[in-house]
Amino acid sequence: MHSDQCREFIHENAPSFALAEEFVASIDPGREDSIWQRFQEPSDITPLLDAWLNGEPEPSVPERQAIQPASVVSKVKHLPPVLELAFKKTHAWIDSCPEGLETVALQEAARIALGRLRGEL
């Protein structure tokens, strides 16, 4: 199923069916579905496809890891407003250092902070 999704992604993003098929054959000449497992998401193929279409060598592993799909980057950088507010309130409360918080165990301090946050939302 994953291999089919990867192939489908290639066909959707290649300029033509023939080029998509040629690229698929370059990655998976033996039609072994397990080879596609190196791509966590079908969109992870994008750097390889772009390089192949431009006649460039395959990006190295560190370069591929540095190029993240936009959806992953946006999830990391843009929190839902309610979570952003929760983090701000928690940080402000911890920075005010409520009495006794510095003397409790880290796990208990986390429970106290989360309980207080839950009461404010």
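1. Helix H3 spans residues 46-53, and Pro47, Leu48, Leu49 and Ala51 within it are buried (buried means under 20% relative accessible area, exposed over 50% and partly exposed in between, with a 1.4 Å probe and protein chains only). Helices here are DSSP runs of H or I with at least four residues, numbered from the N terminus. Gly55 follows H3 and has a positive phi, near 75°.

2. This is a predicted model: local features need pLDDT of at least 70, side-chain atom pairs count only at pLDDT 80 or more, and totals for chains, interfaces and linings use all residues. Residues are numbered from 1 along each chain as its sequence is written, and side-chain values use heavy atoms, with hydrogens and water left out.

3. The structure contains 2 aromatic pairs. Rings of Phe, Tyr and Trp (the six-membered ring of Trp) pair if their centres lie within 6.5 Å; planes under 30 degrees apart count as stacked, over 60 as edge-to-face and the rest as tilted.

4. Phe23 and Trp52 have ring centres 5.3 Å apart and planes at 55°, so this pair is tilted. Because Phe23 sits in helix H2 (residues 17-27) and Trp52 in helix H3, the pair ties together parts that are 29 residues apart in sequence. Phe23 is buried, at 2% relative accessible area, whereas Trp52 is partly exposed, at 25%.

5. Trp36 and Phe39 have ring centres 6.1 Å apart, with their planes at 40°, so this pair is also tilted. Trp36 is buried, with a relative accessible area of 0%. Phe39 counts as buried too, at 3% relative accessibility.

Key: Helix = DSSP H or I, 4+ residues; strand = E, 2+ residues; numbered from the N terminus.
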